[in-house]
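This briefing covers one protein chain, with the points grouped by topic. Please read it alongside the sequence and the coordinates.

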Amino acid sequence: MSDTTVLPTHSDSASESDNQRFYVPGEHHPQNGTLLGFWLYLMSDCLIFACLFAVYGVLGRSYAAGPSGGELFDLKLVALNTAMLLLSSITYGFAMLEMQKKRVKATMVWLGITGLFGLAFLSLELYEFAHLIHEGAVPQRSAFLSSFFALVGTHGLHVAFGVVWLVVLMVQLKQRGLIAENRRRLMCLSLFWHFLDVVWIGVFTFVYLMGVLP
């Protein structure tokens, strides 16, 4: 903890020594405190997705005489969407390698490519949602569809937030370069982005692949 020295004011008692100092505790910011806090946030996000997976596990076969996953899911489209997100994880890894080499422009290029893959993922997911709604498979149709839209939609919102965060970071990199604060922010976004990849692999397996089984 850092200390701040404060000189006595003119209103102080004359009996006090001129050399007397008052020490006021300064702000204490532990090293790597941001990363620790971000790990705690990711753990809370894990609990959210765990609850959504549990809800889908209970309600995923409650079709209420409506369409099932096997009738609705287009695995080719979902596989393409999965490829977009996994490729974005690879390109973000390249951005982190360039950051280690302190190459600002190369880092921004790979971040831009990552953002494009993220936008492609969101576009395909929105197309899928629009197609399902057009077919009458709206969330209120059955418990299965309610839990499906809740789980997949929550993941999509996280990806959308990650893309916005990525754009903000690119602006900060352009303005201030690879200073320590920006490197720390890139590390936090890296954890967040890879976390979303892991969650999506669970969604792809548990929701889509198992959903088409009879």
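In this predicted model, the largest nonpolar core comprises 50 residues, and those with the most contacts inside it are Phe148, Leu186, Trp200, Val203 and Tyr208. At least two residues of this core come from each of helix 1 (33-59), helix 3 (75-100), helix 4 (104-134), helix 5 and helix 6 (180-211). In soluble globular proteins, nonpolar side chains tend to be buried together.

**Architecture and surface**

- The protein chain contains 6 helices and 2 strands, and from the N terminus on its elements follow the order β-β-α-α-α-α-α-α.
- Among contacts in the protein chain with a separation of 6 or more, 75% are between residues 24 or more positions apart.

**Helix 5 and its end**

- Helix 5 (residues 143-176) has 34 residues and should span 50 Å at 1.5 Å a residue, which agrees with the 49 Å between its end C-alpha atoms.
- Just after helix 5, Gly177 adopts a positive phi of about 75°.

**Core and aromatic contacts**

- Leaving aside residues up to four places away in sequence, Val203 touches Phe53, Leu151, Val152 and Tyr208.
- The structure holds 22 aromatic pairs, one of which joins Phe49 and Phe195 edge-to-face, with 6.1 Å centre to centre and 65° between the planes.
- That pair links distant parts of the chain, since Phe49 lies in helix 1 and Phe195 in helix 6, 146 residues apart.
- Phe49 counts as buried at 2% relative accessibility, and Phe195 is likewise buried, with a relative accessible area of 12%.
- Tyr63 and Phe144 form another edge-to-face aromatic pair, at 5.3 Å centre to centre and with 80° between the planes.
- Because Tyr63 lies in the loop between helix 1 and helix 2 (69-72) and Phe144 in helix 5, this pair ties together parts that are 81 residues apart in sequence.
- Phe144 is buried, with a relative accessible area of 1%, and both Tyr63 and Phe144 belong to one aromatic cluster that also includes Phe53, Phe148, Trp200 and Tyr208.

**Confidence**

- The average pLDDT of the protein chain is 88, and 85% of the residues score at least 70.
- Over residues 1-19 the pLDDT stays under 50, and the model has 24 contacts beyond four places in sequence for this stretch.
- Residues 22-29 also have a pLDDT below 50, and beyond near neighbours in sequence they have 21 contacts in the model.

How values were computed: Residues numbered from 1 in each chain as written. Heavy atoms only, no water. Helix = DSSP H or I, 4+ residues; strand = E, 2+ residues; numbered from the N terminus. Contact = heavy atoms within 4.5 Å. Expected span 1.5 Å × (residues − 1). Core = buried A, V, L, I, M, F, W, Y, C linked by side-chain atoms within 4.5 Å. Buried < 20%, exposed > 50% of the residue type's maximum accessible area, 1.4 Å probe, protein only. pLDDT = per-residue confidence, 0-100. Phe/Tyr/Trp six-rings, centres within 6.5 Å; stacked < 30°, edge-to-face > 60°.
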